[in-house]
Amino acid sequence: MEVMWHASSFLLPQPQPQEPREDAPPPPPAALTYALIVLNQRLPRFAPLLWNRAQLRVCADGGANRVYDDMPKLFPDQDPQEVRLRYTPDVIKGDLDSIRDDVKEFYLNLGVRIVDESHDQDTTDLHKCVAYVSGSAPVEDKSKLCILVVGALGGRFDHEIGNINVLHRFSNLRIVLLSDDCLIHLLPKTHSHVIHVQLPVEGPHCGLIPIGAPSARTSTTGLQWNLSDTAMSFGGLISTSNVVKEDKVTVSSDADLIWTISIKKPIKE
Amino acid sequence: MVSRLVQNTKVMKHAATFLLPSSAVSATNRLAQTYALVVLNQQIPKFTPLLWSHAKLRICADGGANRIFDGVPKLFPDQNQLNIQHRYVPNVIKGDMDSIRPEVHQFYAELGSEIIDDSENQDTNDLHKCISFIQEQTSAFDHSNFCTLVTGALGGRFDHEAANLNALYVFSDMRIVLLSDDCQIRLLPKTHQHEIHIQSTVEGPHCGLFPIGGPSVSTTTTGLTWDLCNSEMKFGSMISTSNKVREEKVTVCSDADLLWTISLKTPIHMGLTC
């Protein structure tokens, strides 16, 4: 089975160039291209870090209000308008029933593309944005694209579940949902997984959750309570309040699993 | 499959009358319920005093005691804070006691709260332990008339939230409702057909049905804007989110356990004089 690797290096400050060392570990897998989608909830405190990593930034409807209102708050000693000009999305997309008029006008005047999709009531805002990013991102090989999403967790539960279902519907894409407290992403059953835990910024609390269908057999290494061909299901065992013990965690399963890991506070830019 | 659904003639009725002030609940509307309240360690919803007033048994899970101690007085800013703290004393505080502040522990212990230290049991999460406790305490009651209300189960760390959702499945023979400021969640077990009597002054219209434990081959509903009719639901494909209640009574019949969620209207009028 093919191996899929994961690393939350988007949470690290930009790496500094270093002299190569004799004992240096092998170079990491080829760098990913990041896109950022902002949904309509308060921005996490590390949103600027993600923004700076991303090559494409999309606001889903009221996510534009959040960027407009919250980015200046993350830079309290700077002029709010200057912050807004620095953090201008590339596209605002969705049914546009949440974006404020003043926010819409501000971004229109800056030339931001605003796409009204209110005719399409069949898919959620996140679904529309992921489809757009997947089609538009400046990367030919989709396995090198990683879509970071803020504002997908918390709030109305049906929105949160709808957002998790987007991970399942686009299971061939790397999509990471982030909040101030944690991140989640899918580990598709089609691959075995290697997770390089970025210990300065994430962990130690973690979990593996079989959302949508039970697992008859899951095995892990690198956790405090490893699984060994263990069955997991709602109504039975699911792996929560687990702890990463090593900086490399492996997971292989017969079912799609949601991996979650806590984010350490504070994340420094 | 069709014959199995026809055999599920047992009907389970649901009504969020705990969101109404006691005085507003009419005799015909009310499904006689005895309530317990479990407070987990997250910011309490603004209507927590209303839930407290309905509950016969009030349990704080460890740091949930801090949340009552700090949070309830803030909901009554014009009242004497110490008086409020004396009025809202949990019956039980249970957990591994690594989050409750020492002064909060002492305050409630002196006022008669039963403190149950669980720290030797690391196998299950706080909510599971509290529900087990309630199950033991209420074995004499008819479980169909007993309902456990839970605050603080959603948000925060996702693995905690998943463990709390799992409690609904593990204790599927008990009525448990998870509540936040935004919404409520309950399990609709596949063993029953369900009637949900919508309290439209306090809940709706946004709702959803999710097969998180496993797919549904056939689910049928009435009373929703986008009703399901022998519809298949599974993750990776169609699940019912951003639906809306259209009638005062919603019915759900499914071959799979489903989570039902409905939004809450704010503010919830608590009708309390405190």
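This is a predicted model: local features need pLDDT of at least 70, side-chain atom pairs count only at pLDDT 80 or more; totals for chains, interfaces and linings use all residues.

Me: What makes the peptide bond from B:G204 to B:P205 cis?
Reply: Its omega is near 0°, and that is the cis form. Most peptide bonds are trans. Chain A has a cis bond too, from A:G203 to A:P204, again with omega near 0°. A:P204 sits in strand β10 of chain A, residues 202–209.

Me: Which residues meet where α2(A) packs with α4(A)?
Reply: From α2(A) come A:A64, A:N65, A:V67 and A:Y68, and they meet A:D102, A:V103, A:F106 and A:Y107 of α4(A). Sorted by class, this contact has six nonpolar residues, one polar and one charged.

Me: How do you know that A:K73 and A:D70 meet in a salt bridge?
Reply: The test asks for a side-chain nitrogen of Lys or Arg within 4 Å of a carboxyl oxygen of Asp or Glu. For the side chains of A:K73 and A:D70 the N to O value is 3.7 Å, and the pair therefore counts as a salt bridge. Both residues lie in helix α2 of chain A, three residues apart, or about one turn of the helix.

Me: How many salt bridges are there over all chains, and how many between chain B and chain A?
Reply: The whole structure has 17 salt bridges over all chains. Between chain B and chain A the count is zero.

Me: What, then, describes the interface of chain B with chain A?
Reply: About 2700 Å² is buried between the two chains, and carbon and sulfur atoms give 67% of that area. In chain B, the residues that lose the most area to chain A are B:R157, B:F158 and B:F235, together 25% of what that side buries. In terms of contacts, 33 residues of chain B touch 35 residues of chain A.

Me: What makes β1 and β12 of chain B edge strands?
Reply: Five strands of chain B form an open sheet with mixed pairing, in the order β1-β9-β14-β11-β12. β1 (11–15) and β12 (231–233) each pair on one side only, and they are the edge strands.

Me: Why do β1(B) and β9(B) count as paired?
Reply: Two strands pair if there are at least two bridges between them. β1(B) and β9(B), residues 193–197, have five bridges, so they pass, and they run in the parallel sense. One of the bridges links B:A15 to B:H197.

Me: Which residues of chain A are partners of A:T218?
Reply: A:T218 has A:T230 as its bridge partner in β12(A), and stands opposite A:S253 in β14(A). β11(A) runs antiparallel to β12(A), with two bridges, and pairs in the antiparallel sense with β14(A) over four bridges.

Conventions. Residues are numbered from 1 along each chain as its sequence is written. Chains are lettered from A and ligands numbered from 1 in the order in which they are written. Side-chain values use heavy atoms; hydrogens and water are left out. Contact means heavy atoms within 4.5 Å. Ala, Val, Leu, Ile, Met, Phe, Trp, Tyr, Cys and Pro count as nonpolar, Asp, Glu, Lys and Arg as charged, and the others, Gly among them, as polar. Buried area is the accessible area (1.4 Å probe) that two parts lose on being put together, summed over both.
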